[in-house]
Amino acid sequence: DCHNPDTQWILLGVYRQEFYQFIEQISKHLWAIDDYEYIVALAGLAYMTDYDCFYVGTQNNVDIYAGVEPLPEGKFQMALYTDGVCITPNEDLDMTFDDFGLT
């Protein structure tokens with residue numbers, strides 16, 4: 001299993017514009033519908049939504065967008081961006097995705 005820390009598998013990368021579909025498909029093929037990991041994956045999908053980049057609000061007349069930020073070791077998180085295509089996370093906003101109460 002590529003999600004286990006002691007695996008020999010290496011995730012080379014994912015296409016970010018299809019990240020939601022990637023997680024959805026890999027979770028369907030790795031775990032049974034009643035497995036804990038599958039339920040966690042579905043919760044993650046609901047949290048991140050199926051939008052690649054979407055408007056969440058404004059701060060100091062700057063539009064703020066949210067999208068998935070891929071991280072090293074196959075991890076990811078929701079991040080905030082000030083560009084409408086969510087390329088570079090803006091860590092100077094002094095807030096997080098959760099601050100918008102969208103989940």
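Buried residues make up 24% of the chain's 103 residues; buried means under 20% relative accessible area, exposed over 50%, and partly exposed in between, with a 1.4 Å probe and protein chains only. This is a predicted model, in which local features need pLDDT of at least 70, side-chain atom pairs count only at pLDDT 80 or more, and totals for chains, interfaces and linings use all residues. Residues are numbered from 1 along each chain as its sequence is written, and side-chain values use heavy atoms, with hydrogens and water left out.

**Overall layout**

- The chain has two helices and three strands. Helices (H or I, at least four residues) and strands (E, at least two) are DSSP runs, numbered from the N terminus.
- Along the sequence, the pattern reads α-α-β-β-β.
- Among contacts with a separation of 6 or more, 36% link residues 24 or more positions apart. Contact means heavy atoms within 4.5 Å.

**The sheet**

- The three strands form an open sheet in the order β1-β2-β3, with antiparallel pairing. Two strands pair if DSSP finds at least two bridges between them.
- β1 (53–59) and β3 are the edge strands, and each pairs on one side only.
- Neighbouring strands of this sheet are turned by 30° against each other on average, direction ignored. Axes are lines fitted to C-alpha atoms, for helices over the stretch in contact, and angles run from 0 to 180 degrees between N-to-C directions.
- Six bridges join β1 to β2. Tyr55 stands opposite Tyr65 in β2.
- Six bridges also join β2 (residues 62–70) to β3. Pro70 stands opposite Phe76 in β3.

**The hairpins**

- The hairpin of β1 and β2 has two residues between the strands, and Asn60 in the turn has a positive phi of about 50°.
- Five residues lie between the strands in the hairpin of β2 and β3, where Glu73 takes a positive phi near 65°.

**The nonpolar core**

- The largest nonpolar core has 13 residues. Such a core is a set of buried Ala, Val, Leu, Ile, Met, Phe, Trp, Tyr and Cys residues joined through side-chain atoms within 4.5 Å.
- Met48, Phe54, Val56, Ala66, Met78, Leu80 and Phe97 have the most contacts inside this core.
- α1, α2 (36–48), β1, β2 and β3 each give two or more residues to the core. The largest share, three residues, comes from β2.
- In soluble globular proteins, nonpolar side chains tend to be buried together.

- Ser27 is found in helix α1 (residues 19–30). Ser27 counts as buried because its relative accessibility is 1%.
- Beyond its neighbours within four places in sequence, Ser27 is in contact with Tyr38 and Ala41.
- Tyr81 is found in strand β3 (residues 76–81). Its relative accessible area is 1%, so Tyr81 is buried.
- The side chain of Tyr81 reaches the backbone oxygen of Val68 at 3.3 Å.
- The C-alpha atoms of Tyr81 and Tyr65 are separated by 5.0 Å, although these residues are 16 apart along the chain.

Note on methods. A polar contact is a pair of N or O atoms within 3.5 Å; within protein, one must be able to donate a hydrogen and the other to accept it, and residues adjacent in sequence count only if both atoms are side-chain atoms.
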